[in-house]
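Good morning, and thank you for coming. Please look at the structure with me as I go through the contact between its two chains.

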Amino acid sequence: MLEIRNLTKIYPGPVAALQGVDLDIPAGMFGLLGPNGAGKTSLMRILAGLLEPTSGDVRLHGEDVLADPQGLWARLGYLPQHFGFYPNLTGEAMLLHLLRLKGVRAEGRSLRQLCGELLERVNLGYAAGRKVKGYSGGMKQRLGIAQAIAGNPELIIVDEPTAGLDPEERMRFYRILAELAENRTVLLSTHIVEDVAVLCPRFAVIRKGKVVALTTPSQARQELEGRIFEGIASPAELDDLRRNRQVTQAHLVEGRNLVRLYEPRGDAPAGFERVPPTLEDAYLVLMRDVGTRGDDSAEAPGDGHRRAEAETGAERPGATA
Amino acid sequence: MSLRRILAVGRLELSQTLRRPMFWILLLLLTLMSWGLSAGNVTIASGDTAVGGDKAWINSESQMTMFVIVLTFLITAFFASVAAGMAVLRDDEVGASEILHTTPLRPAEYVAGKFAGVTVTFLFALTWQLLTLVVFFQLMPIENAAEVRGDFRLGAYLRPMLFFALPNVLFALGTAFAVGERARRPILVFFLPVALLLVCGFFLWDWSPSWLDPRINDLLMVVDPSGLRWLDEAWLSIDRGVEVYNTEPVAYDWRILVNRAWILLVGLGAVAASVPHVARTLSGEARPGGLSRLLRRRRRDEAAPASAAATGRAAIDDPRLAELAMRRGRASRAAGLGAVVRAEVRELLHQPGLYLFVPLILLQTVGNATFAIGAFDTPILLTSGYLAVNSVSIVTTLVCLLLLFYTVESLQRERSTGFGELLYSSPVATWTLLVGKALANSLVGAAILLGAFVASVIVLLVQGSAPVETWPFFVTWILLVAPTFVLWTAFVTWLYALVRERYTAYALAIGALVATFYFQFRGELTWTFNWPLWGTLQWSDMGTYELNRQQLVLNRVTVLGAALFFAGFAVRLFSRRDFDGLRSIQRLHPRLLVRTTLRLAPLALLPLITGGVLAYQVRSGFQGEPAEKLAKDYWRKNFATFADDRDAPVPVVRHVEVRVELEPAERRFAVEGSYELVNEHDVAIDAVAMTANRAWEEIAWQIDGVEATSEDREGLHLLRPARALEPGEGLRLGFRLRGTHPAGATKAGGGVPTFVLPSGVVLHTFEPSFLPLPGFQGGIGVDEDNAFEPREYPDDFWEEELDTAFGQIRPFTTRVQITTPADYTANSVGTLTSSREHTGEDGRALRTVVWESDHPVKLLNVVAGRYDVLRAGGTALFYHPGHTYNIDEMSSALQAAREHFSEWFYEFPWNELKVSEFPALAGYAQGFPTNITFSEGIGFLTESDEGSNAAFMVTAHEAAHQWWGNLITPGEGPGGNILSEGMAHYSTLLLHEEEHGLRGRIEFARRIEDSYAEDRQVDSERPLVKIDGSRAGDTTVTYDKGGWVMWMLHQLMGREATLAGLQELFRIYVPSTDDHPVLQDLLATLRPYAPDPQAFDEFTEQWYFDVVVPEYEIRDASKQRSGDGWLTRWTVRNKGTGRMPVEIAASRGERFPDDEARGAQSTGETYRDTRVSVVLGAGEEQALELRTDFEPQQIVVDPDALVLQLERSRALARL
């Protein structure tokens, strides 16, 4: 169990990246969903022992990891959002180096053999002898995944792990994470709703440094049941809908706007049909809801700049934390 | 081109550079340096700046130009290189490049903006430098301000800044910018200023032999990117006088104009040349780092499959992770350390700077050590120990610079590459990370030391004389130097951990190095703080670091302790997680600070204790502050009363009898003895003044065998006999003393002139090292604070009776008994009258020898060591058993000197002429009567061959002092010392010709002529009869010119007449007890023997009473057939001064066909020449022709080296 209590991080400015975050994260896969700049990376880096919080507690199985990050690192597998490698080492040498530093052992065979197997597992076996500086972004990401999962760490923290991965590799990684989550805590931070939908039985939504929701994907969807409508709209109609209704998504399909609306009262405009809600609908509705209530901005350095727009007020789905 | 975009880029670059602490540290450094230099401690060596005459102004344009060039090149250019070189690199590191270049910004605008931004920053720095110079040099209160500071003239500051500083900085900015842009590697950016510094500091600014072709010199002046060589060679070293340097602006000529032009062109051109490369990099034609890729090894990457998807198996096929059966244990420290070191080394091997730095350092290190020069500019015969020690300072400095770069870049690498997020969240301990990195970087230092060792071995093998020994390198480089690298690496790591930013770390570390240089330059770096051991190590093959061994050990322990402290502190400071601002402020709570301090205290304990012990030892040592104060007190208390013999008459010494017990292992000695003193003054002496060494542990006195008490006047002991000593009366003054010598630690290493050490003992009466000396000793307690300018003598001073320049005024007899351990040989003046081995009270085997003077002496010394001896022809050579290289040559020189000087000057009155070797803790040779002492680096370790006969030369010179110095002791006054040193050189010329023929004499004559040409101070040189040793350049005039001019006089008078005159001089002055001769006495004695007194007067008038040096130039040389022979025509001109008859030869073939040393190529043809003589005054020229019966190959002025001249190599024309 990873317990987070009243975690606050204030950057010079001052900018409040985290504002009293409280979370209990049990064993298994746990998602942390939020827009860029919500404070996810700050939270991840604090949990990984790489960033000192302004105040608060973090305990892993009751042990204070803020006071003893060294103790945490011995049990941690960490894939940061932004990272790099020594450019002049080969992929194999780089991974081997990290395995040695982490004290990883392989039963019945050499560390080099294990290294090769891990590289195979992330589909980098063919590039093991190439220098890392020649790797593509996706290859580097996979090398990062290999080091994060090495040695069966007790706690795995992965920050935006699927960025840069092609669909096939993303699926491969999902499977690895799912397996890892069977008997340990895996904390997945992402702004890609699909990642959470596929992997996480529970997740928290964080926005402007605060946890705004703690729920499950099905519960989040259930909250919106009967309130999501879908229809086709011309550009002029779409503008009108944006002004008068809550548009959750608008996609161009065959040159026309396929629009999804959140209608709390269940009365859809003409031409719109009730459809089953998705997790993305729930997330976007939630983002609008919090933004409307006028919370303090909490964009942390390095967390990106894009924000969800605040529109009209809405009922708050999934607020069960 | 859009000016708006250029300004936008420039503004951003400017603001970024200004925000960096590095820039502000530069301003601080410039301020401190301006302040330090304004104190007037550093002035140009021109004019009569040392003593007498006008002083050089510290704020003259000449002086300011020198300061500006040095400050700019050593400090500003370094910072500018880093700032400009990193301008493009930084954008790459933060990933901004690609985004920037997807905007309308063009490559040219980008380059122009970046360069403009960083240039404006450094224009601000230069302006600041100008302001600080003006403020400190005009307003700073200094001693003698009226003498050394001229009126304020803006041009004196502004012109050097605009003409030298600005182009130099633009050159540094431009070239570093281009290198940084092309290579995209920080290390190459740092390499550039360091490489320039090495090339300039050790070659362009320094290398200027007198034989250098002026055209080459011109070229080097043009090439030197700093302009300092031009300033030195074309402005400061030319005879202009201090008045010109003080008041006139520096006159720029074509060479410096060309130099400035190419500096600017290359600097700005390099920036312009970056534009197409930036464009090609963006378009993908060129890859960033192309230059560095060329410099490093290529490795073929394994062929990759066509695509990942093609080879990737379906995810569903993967076995479960659990099947990998991996687990985490705790990585052992050794394994973690090994992993870090391995990874760091791999990265290091890919650093192209390594492959540039290392050869450069090796070249510099070995080159520097190999060309070490000993006495009389003779090359030193290198042994393993000398090679190891000679390269310490240079190797330490360069490796520290290299380690600085690699340590900072290694620590920065995690940030630059983004690997820090992975590495810092791994369980490896922080100390493992830091130590691993330090170890890996230390391997660079180790590799350099290994390379330098291999190069040294090659040098020794090529030299072929001294054996290759490993242990001196091990002791010096591993035990002594390596801890410096450990400390430096730990310090730099600590700095980086403290500031967490590469530029500030660089700036602070460079600041620390500059501060160390500064304190070393001012002589304030003692054992306690001399962490790089600069100037401390003194090698001797006869004993390894005996003098300073304890201080060396303590210093190294302090250094290692400090390294441990910095390393521990760095581990504590080096945060793998980003600190929170608020919590950081909370950490500054006094209680937390105290707790942190207490935690670090154990680490600081060791360096504090050992450093404290060192500080105590330095302070209480013989060079410490209290000792200096005691010496000053001696001078202060007694100078007014006892300095003048007329005020405080001192009885003369008639006989000295001493018993000396030496315990070299304990550095101790005990002396018991007596002086027989006689009052030869015409007034009674009621108290005998004796100067004692205040470091002696005890001293007791007796007068005529009765214990006596002295009045101790701060070291000058006044002993009052029962009744005043009437004229003609004498007494026996007994003394008993003991002590350690030297007493305590040196201040900062180096050597000492006298000592009692296991490797050897040297004691003499030039100073109260082992005997109290009669009278007040004027040299004790004198430094720059109380030194006064030398006395001005009237022209006829020599006609009066003169005291001796050194030694006792009357010769005296001696009986010296010396007891040493049985394996030592102890020598003193006179003849060995007894030697016996016996057992001491403690059971040790001892040897007691007695030396008695068989002819009176004026000086006394004792030397002892574990010697082998070579005796021949009434001479003996006592040498270290390992130093057999030159003993035959030295022995032959001693024999020849004894035989021929006896024949030419005066019969050698003593029984045996000895030379004894002593450890090179001092670098002198001293010709005490019968008992000459040679430092091992002189003669014994001189690189000598048949061409140079260098060992013969130094031995002959020192042997000549038996006649010129002992038998004839020069009088006190100007020109006196030339009678000792100049005449010793003249005697050597004579002996060379006698023993080695014309070739040997020419070789030596040209050697000392070169030495004179290189070392003379043209603007302050005075006539020989005025030379008193007080000014820069007096040494070469005393030795080299003094010897040469006497040799010319010898030619003028003829050999027989000259020797007859000199014999007359000996007849007059050897028995003289009242008067001692100076140069005028020599000339007055010789004149009656001159066949042509008028020619004699003309010669002496210009060479002894005036300053002249001819310089001949041949031009328009041609040859043509004429009947059966050849007609050769040329014009010769005397560009210099003086009027001398000189021979000019048209010659063919090699004169000395076996003369490989001079690089001649043998043609097998017999040498032939035909000569003509010409007399040319200053500026005169004459067209000449010669008819020869052979086809001449060259025209040579003065083929037999009979006229001292400058630029002899140019007084030659090949036909």
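This is a predicted model: local features need pLDDT of at least 70, side-chain atom pairs count only at pLDDT 80 or more; totals for chains, interfaces and linings use all residues.

Strand S7 (104-106) of chain A and strand S1 (residues 326-328) of chain B form an antiparallel pair over three bridges. Strands, like helices, are DSSP runs numbered from the N terminus, with at least two residues (E) for a strand and at least four (H or I) for a helix; two strands pair if DSSP finds at least two bridges between them. Within this pairing, A:Arg105 has B:Arg327 as its bridge partner.

Residues are numbered from 1 along each chain as its sequence is written, and chains are lettered from A and ligands numbered from 1 in the order in which they are written.

How many residues of chain A are in contact with chain B? The number is 59, and they meet 45 residues of chain B; contact requires C-beta atoms, placed from the backbone, within 7 Å of each other. Several elements of chain A supply at least two residues each to this side, among them helix H3 (91-102) and helix H6 (167-180). H6(A) gives the largest share, seven residues. By class, this side of chain A has 31 nonpolar, 15 polar and 13 charged residues. Here Ala, Val, Leu, Ile, Met, Phe, Trp, Tyr, Cys and Pro count as nonpolar, Asp, Glu, Lys and Arg as charged, and the others, including Gly, as polar.

Finally, chain A as a whole contains ten helices and 15 strands.

Terms used. Two residues are in contact if their C-beta atoms, placed from the backbone, lie within 7 Å.
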